[in-house]
Amino acid sequence: MHAPIGLPWELILGALILWSLLAFASLFLAKVPRIAPLIFPLGALGALCVAAAGLLALHGPPVTMISPLGLPGLPFHGRLDALSGLFLVLFGLTSVAISLDLAGYRAREHYPVAARIAVQYHILLASLTLVFVAADAYSFLIAWEAMALSSYFLVVTDHRTSAARRAGFLYLLIEHIGALALLTAFAILSAQAPAGPRLAYTFAALHAANPDPTVAGLVFILAFLGFGAKAGLVPLHVWLPQAHPVAPSPISALLSSVLLKVGIYGLLRVAFIMLPTPAPWWGLTALTVGLATALLGALSSAVQSDMKRLLAYSSVENIGLITAAIGLALLFSAYGLKALAALSLIAALYHCLNHAFFKGLLFLGTGSVLHATGERNLGRLGGLIHRMPQTALMMLIGTLAIAGVPPLNGFVSEWLILQSFLKASTLPRPYLAMGIPLGAALTALVAGLAGYVMVKFYGIVFLGRPRETRLAQAVESGPFERAGLGLLTLLCLAAGLWPAGVIALVRPAARLLSGANAHILGGDGGARVDVAHAAYVPAVLTMALGAIALAVVLLLRRRSVRGARRAPIWNCGHVATSARMQDTAEGFGQPIRHIFTTFLVVRRHWPAPDDRAPRYASVVEDRFWEGLYRPAARGFEAIGTSIAALRPRRIAVSLLYVLATLIVLLAVAP
């Protein structure tokens, strides 16, 4: 090392070495009875070290490191600052819970599958850490590709099924489209850097490039495309609902909780640190795409009947809200409103943490349900609260959190995002001051749809009566799975009941990005931007809600008829009732399909009037998939077929074509 390293770097290097050893050991020792159960818990220990390193980086000065690894003259540069520290905390805490869940998942999987997952999972953890600490384009893109390939192999764990292979191909295709956009953005920016050719690729040199507005705008668009492909912004979101259902549930939790945030991290790093002061149209672009993503994700989630597809579209919705808050911050920064930009960034970063916690909890809980029942289809579940009470309780907290119900964590960040929209009235342009607050109405609509989706999700899975007789054999998840769920449940509760602590956690990163001074949340332009006023007092709200609930219970008991007795439920005139008479997932989402049919592609099969075995079917497809990706696939297939038809059958003719091409290239070369 060319520079002394401190405790944060020692923790990170220790985690990287531990994960490398675990990946290597998984190839040979994953079948040894005494060693195999320790692999994933040790991985959780490494994740805990990374979280500790991120916490130290949040409360200390930026520290850098130059590693001799890399090509000659191109060493790896690392940097730990407030932004990378915050995302390391997010990544580390979430990965602890996922690693614990994977310890239970390994116990019930066959050896070859468990070994493959262990190898790729720990490689993915190491590459994610390197992405967050990389301080040059070279090491960043190498870590990015390692992250993409290892996550691809995890997505196609069940590679024998065509759905997994198709989802993996789509994921890798969109991932590499984004990687090419990022490579081009870094190349354009490095060409403007004042440093020598060997140092022009470092983030410090890219920050000092100071390109003109046209070049900066081009770099922003390329970065927005590249990082948006990873985050799942429309129209590059289609890999999420394809990959999540086929991947193992703990991997789905990691994809949604952490990998999507890598795109957010990269966008923040480039837009606020590497590039100069943003132009207003940058913020409008991010705001528009973010709101469109949030609305499409909420609507698509509401009409799903597959648990994991429902949660995948819910992730699209939450990423859209985060991107919309980032767009507001870019707008505020463009007009010099640093405190307002800081408020928007605090809201976005707070929601990043929240989404990692409650979406990881929901995906891990879904994995427990899937293991206990073998079902992902909502129409074949129900009544699991009686068979899996502990999982049901923790999933209830997760669903209330993602629905934005106070005093849980989802409410705080969504409330801050709403406050950021309302503060847009201070923008100096009248059309912005009047138009952007309308985004608050759209945000409220998305929040309402999210609550609707979670009522459907939890109610159909855990409440009511079992829709299949074999659900009576469902059992509670194992101790490792419940430990992972319990950790994320506690994080959701802590982030909701202690917003001041979370705001203190994200404030250094918001200060770094916005460029505000130490009084980051003071007045700005006559508008008071105080999180204590923009948020709420959780203790007061919790006591108020508890008092209301207690009053309702006492009132009902006082007015209830004495000597009440239990009796069979009213059967509406039917001879007998059954679980099939409960509302289905399709029936629950029918109003959304009718009201918002413009945003969805719905295919229905209606039975004929004389059909002796009538069957009604309804399939909802993504409009971008039907309107953009399918035609593009057919077009590329036609081009490939045409080119294949031109291929000569004799090798002599092929060699003649190659020779003619070389002659033409030599003739036109300068």
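Is the crossing of helix 14 and helix 18 left-handed or right-handed?

## The model

This is a predicted model, in which local features need pLDDT of at least 70 and side-chain atom pairs count only at pLDDT 80 or more, while totals for chains, interfaces and linings use all residues. Residues are numbered from 1 along each chain as its sequence is written, and side-chain values use heavy atoms, with hydrogens and water left out.

## Two packed helices

The axes (lines fitted to C-alpha atoms over the stretch in contact, with angles from 0 to 180 degrees between N-to-C directions) of helix 14 (residues 389-402) and helix 18 (residues 479-497) come within 9 Å and cross at roughly 30°. Helix 14 is therefore roughly parallel to helix 18, a term for angles under 35 degrees. Helices here are DSSP runs of H or I with at least four residues, numbered from the N terminus.

The crossing is left-handed, meaning that the near helix is turned anticlockwise from the far one by less than a right angle. In helix 14, Gln 390, Thr 391, Met 394 and Ile 397 meet Arg 482, Leu 485, Gly 486, Thr 489 and Leu 493 of helix 18, where contact means heavy atoms within 4.5 Å. These residues divide into 4 nonpolar, 4 polar and 1 charged (Ala, Val, Leu, Ile, Met, Phe, Trp, Tyr, Cys and Pro count as nonpolar, Asp, Glu, Lys and Arg as charged, and the others, Gly among them, as polar).

## The lining of the largest cavity

Helix 6 (162-191), helix 8 (213-231) and helix 10 (249-274) each supply at least two residues of the lining of the largest cavity, and helix 6 gives the most, with 4 residues. By class, this lining has 9 nonpolar, no polar and no charged residues. A cavity is a set of points on a 1 Å grid over the protein atoms alone where a 1.4 Å probe fits but cannot get out, and lining residues have an atom within 4 Å of a point.

Terms used
Parallel < 35°, antiparallel > 145°, perpendicular 65-115°, else oblique.
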